[in-house]
Amino acid sequence: MLEVGKKEFWFVVGSQHLYGEEALNSVREDAQKMVDGLNESGKFAYPIVLQDLAVTADVITDIMKEVNYRDEVAGVITWMHTFSPAKMWIRGTKLLQKPLLHLATQFNESIPWDTIDMDFMNLNQSAHGDREYGFINARLNKKNKVVFGYWKNDDVKEQIARWMDVAVAYNESFNIKVARFGDNMRNVGVTEGDKVEAQIQLGWTVDYFGIGDLVQYIDAVTDEEVNALFAEYKDLYDFDYGDYDHKTWEDHVKVQARQEIGMRRFLEAGGYSAFSTNFEDLYGMQQLPGLAVQRLNAEGYGFAGEGDWKTAAIDRLMKIMSHNENTGFMEDYTYELASGKEAILESHMMEVDPTLAINKPKIVVSPLSMGDREDPARLVFDGKAGDGVVVSMADFGTHYKLLINEVDAFTPEEQAPNLPVARVMWTPQPNLYDGVKAWIQAGGGHHTVLSLNLTTDQIETWAKLVDLETVVIK
Ligand code: MN
């Protein structure tokens with residue numbers, strides 16, 4: 001599994017000196033209880049670390065500078081226990097270059113009518129402090145997230161956890177490196193794009209390599225390494241020999257094992273976390289990588305076919321956000337138009353992401369009508385069911401546009417004995433007809449990334465941070 005490295009979030013509590021040291025001690029104690037409670041809830045993939053109380057502009061500015069400097073800090077969560085005059089926050093907030101979540105919550109859930117006095121009111125005035133602080137974030141156009149609710153509630157924790165995943169993906173977006181094995185498929189429009197702009201706006205490094213550069217790595221893989229990996233396949237997958245004799249079939253599968261090892265080494269050597277291939281660009285390769293790509297997808301590598309580096313990078317980004325669960329590259333293929341069954345069959349020539357598999361995948365060898373190479377091996381399975389999002393990005397010449405469609409994915413009940421690729425089925429929201437029309441009208445591509453673990457709000461939160469125009473269909 002491709003790791004993103006250790007990450008944490010800093011928790012900064014707003015207050016001021018006006019209420020005296022005793023009140024500040026209470027703020028400090030409550031903040032520690034809140035941070036401990038959140039960390040101990042087990043709801044977060046990353047730890048929350050309490051910082052000094054934000055009681056002066058200097059303290060706030062120092063904290064934010066440190067956040068920017070430290071790679072392991074993925075973002076800042078702020079909470080206003082008391083009123084905290086927002087002019088103190090201007091300098092630090094302006095300097096902050098990482099995602100910001102304003103947790104609008106209160107230490108106590110209820111108003112204690114029997115005992116409440118002005119001391120209590122002064123100490124527990126989140127409603128007051130939230131508005132003063134929120135104003136300055138809005139005025140600074142900070143694109144911060146606001147989560148509101150009682151901090152012990154699960155839905156509040158889930159909103160924080162989902163934002164954390166976005167924040168980590170935002171930080172890691174600047175480390176995404178895409179290796180392009182070959183250029184874009186000839187004549188295709190939607191897979192093209194301005195790579196310089198993508199690096200400026202989204203942080204992605206996109207590098208081209210001739211196929212020979214990769215072939216060198218593949219050819220250097222030893223037979224022992226191939227046989228060892230083939231043995232691993234036996235444990236993980238069903239073998240479907242079809243009409244092939246066993247020797248021919250196994251030779252074809254071992255070509256993919258060799259490609260898998262060679263590609264992984266190439267990607268590791270260059271620090272690449274995503275890649276694209278092109279079936280028109282296979283000089284020196286025996287097969288179009290199919291199984292090899294799917295295996296790398298399972299490890300967290302982003303991918304898209306036909307040189308589509310944009311979708312490959314989005315795939316990697318969404319895999320970071322979803323912890324590589326139920327997320328992968330897709331292509332719209334065939335409509336199901338029968339009344340009551342409306343859906344789209346999603347697949348690709350071979351490279352369907354096994355993180356979406358509901359059943360144990362089987363390895364199938366089958367001819368490929370494109371690519372002019374020997375019959376490649378691939379994993380075949382059916383897709384999982386669930387609510388999800390489908391994301392695609394297109395270059396409109398003046399700017400990039402991100403399309404998001406909410407979908408209901410389901411596992412097909414019918415058999416498809418002659419289909420040698422994995423299948424994923426979904427019905428777009430709000431329904432097939434309006435969803436497809438809106439997608440096409442907005443210029444959405446046929447290459448997408450599906451995630452059954454992410455929400456529209458998460459994708460939009462990231463898009464907002466990087467100033468991407470979005471179209472949401474739901
Ligand atoms: Mn394609």
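**Exercise 1.** Are E331 and H447 buried or exposed?

*Solution.* The model is predicted: local features need pLDDT of at least 70, side-chain atom pairs count only at pLDDT 80 or more, and totals for chains, interfaces and linings use all residues. Residues are numbered from 1 along each chain as its sequence is written, and side-chain values use heavy atoms, with hydrogens and water left out.

Step 1. Apply the cut-offs: buried means under 20% relative accessible area, exposed over 50%, and partly exposed in between (1.4 Å probe, protein chains only).

Step 2. By this criterion E331 is buried, and H447 is buried as well.

**Exercise 2.** Identify the protein donors of the manganese ion and their spacing along the chain.

*Solution.* Step 1. Donors are N, O and S atoms within 2.8 Å of the metal (3.2 Å for Na, K and Ca); water is not among the atoms, so sites may look incomplete.

Step 2. E306 (OE), E331 (OE), H348 (NE2) and H447 (NE2) lie 1.9 to 2.2 Å from the manganese ion.

Step 3. Their spacing is E-x24-E-x16-H-x98-H. The pair E331, in strand β11 (residues 327-336), and H447, in strand β18 (residues 447-451), links distant parts of the chain, 116 residues apart. Strands (E, at least two residues) and helices (H or I, at least four) are DSSP runs, numbered from the N terminus.

**Exercise 3.** Locate E351 and find its polar partner.

*Solution.* Step 1. E351 belongs to the loop between β12 (343-347) and β13 (362-365).

Step 2. The side chains of E351 and H348 are joined by a polar contact of 2.5 Å. Such a contact is a pair of N or O atoms within 3.5 Å; within protein, one must be able to donate a hydrogen and the other to accept it, and residues adjacent in sequence count only if both atoms are side-chain atoms.
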